[in-house]
Amino acid sequence: MFDKVLIANRGEIALRIHRACRELGIHTVAVHSTADSEAMHVRLADESVCLGPPPPGESYLNIPAIIAAAEITNADAVHPGYGFLSENANFALIVEEHGFTFIGPSVRHIRLMGDKIEAKATMKRAGLPVVPGGDAPVRSDAEAARIASEIGYPVLVKAAAGGGGRGMKIVHDSDQLPQALAGARAEAQASFASDILYIEKYFDGVRHIEVQILADGIGNVIHLGERDCSLQRRHQKVLEESPSPALNDDERVEIGEQSAQAIRALGYRGVGTVEYLYTGSAFYFIEMNTRLQVEHPVTEMVTGIDLVREQIRIASGTPLGYAQGDIAFSGHAIECRINAENPETFVPSPGRIEGYHAPGGLGVRVDSALYAGYTIPPYYDSMIAKVIVHGASRNECLMRLRRALEEYVITGVETSIPLHLRLIANPDFVNGVYDTRWLERFVAGGDKSQASRSVADA
Ligand code: MV4
């Protein structure tokens, strides 16, 4: 086992990783920008190293500075968290070349899944159903038009180096295709330094369901069930839950086992998430994430498995030690992402936390690096906390979630807590009847049940 881990991240996830290290008897090194000297992850770590000025490119994305920090502190391994360098294959390679262990999948698998076209082709060969569409980069407008008319409009133009919904263009008919391709190509080049595009059939009104995988790289691959992440605004997830209210037990077992089987065929190591579109009757693979995800706690709450602990143990060469049959799924869990922002306009609200009281009690978990007197810097993501609630049933979970959100006091900045309270009071949400477009309409149109509103409007 490692003696010392460098945590190449900030905020709640840096703290989350620190906690797992502590429980394994591992020393921690925090790295930080000059804006984060007073941050909780820096205060709690055994050692800390300042990387540079606030802009991420000069601090949390500054690979030479992070490697230097690992060298001067004599760390054994580097945990990248999520975001920042977590899915950067070159970073993983450089970490390993300098003699440190990268706590994550192999460089080969990070690179493979970073190319969304290769990822799809690979998962198709491994037996997963994939979204209909081209299985190679689009080479010309004429070829794109041919593929689109074959699969039928509407189609979605996506960037091969994209993911997470950035740079996608929906195209409803052939007239719009050349313009969409040009726009997508320019956006992809600017955002990802690659203008490689591919085309898929566009599915409207679907759910976004993802399966958590755990693999030790020596033959043991299990799944830890699914998460329903359909409630998103501008491709940012707002609330996630497990199990999905949309699946029955047969579908749940089937998609879990299919995912684990495909990942087994790849020889994958580490945690991973297999993302699907669910149409209400069929699953289609879209992407795989090779990092720990923001919403990993909902899976931890229903399985009792500490995913960060498992990541660290796997990276140190320890076999999994249990099999699929040993996993017991218990109850229901929901996570609300709390952002420092206006709950109506979504304008970020950085600043000083004047008062702070976190909820607690049975089945309530708060992952956050906030404290009273802390000043949220304006340079980074606005997510400041996650409230994760577990209950024996979805209903118990919802009642507990309302109680926990009502108990949470954060003063000095605006937060999205009021939005979450409105959201979980909505009949559609209570009934589990929502898709990936539901939240945008809710945010725009008030609190009415959208099912009943459309009936009333008709
Ligand atoms: C799609 C899709 C519909 N059809 N692909 C968005 C995130 C990224 N992982 C993939 N995403 C999607 N891919 C096809 N072929 C719908 C989504 C999607 C979405 C689209 C518009 C608005 C919100 C969305 C939320 C989740 C997924």
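**Domains, a sheet and a cavity**

The centres of domain 1 and domain 2, taken over C-alpha atoms, sit 36 Å apart. This is a predicted model, where local features need pLDDT of at least 70, side-chain atom pairs count only at pLDDT 80 or more, and totals for chains, interfaces and linings use all residues. Residues are numbered from 1 along each chain as its sequence is written, and side-chain values use heavy atoms, with hydrogens and water left out.

The protein chain is split into domain 1 (4-103), domain 2 (132-201) and domain 3 (207-457), with bounds from an automatic or database domain assignment.

Now for the sheet. Five strands form an open sheet with parallel pairing, in the order β3-β2-β1-β4-β5. Its edge strands, β3 (47-52) and β5 (101-102), each pair on one side only. Strands here are DSSP runs (E, at least two residues; helices are H or I, at least four), numbered from the N terminus, and two of them pair if DSSP finds at least two bridges between them. Strand β4 (residues 77-79) pairs with β5 over two bridges, in the parallel sense, and Val 78 stands opposite Phe 102 in β5.

What about cavities? Searching the whole structure turns up three of 30 Å³ or more. A cavity is a set of points on a 1 Å grid over the protein atoms alone where a 1.4 Å probe fits but cannot get out; lining residues have an atom within 4 Å of a point. The largest cavity holds about 50 Å³ of space, the volume being that filled by probe spheres set on the points, which are joined across faces, edges and corners. Its lining includes Lys 116, Arg 166, Tyr 198 and Glu 287.

Key: 1 Å grid on protein atoms, 1.4 Å probe; cavity = no way out; pocket = protein on both sides within 12 Å on 5 of 7 lines; lining within 4 Å.
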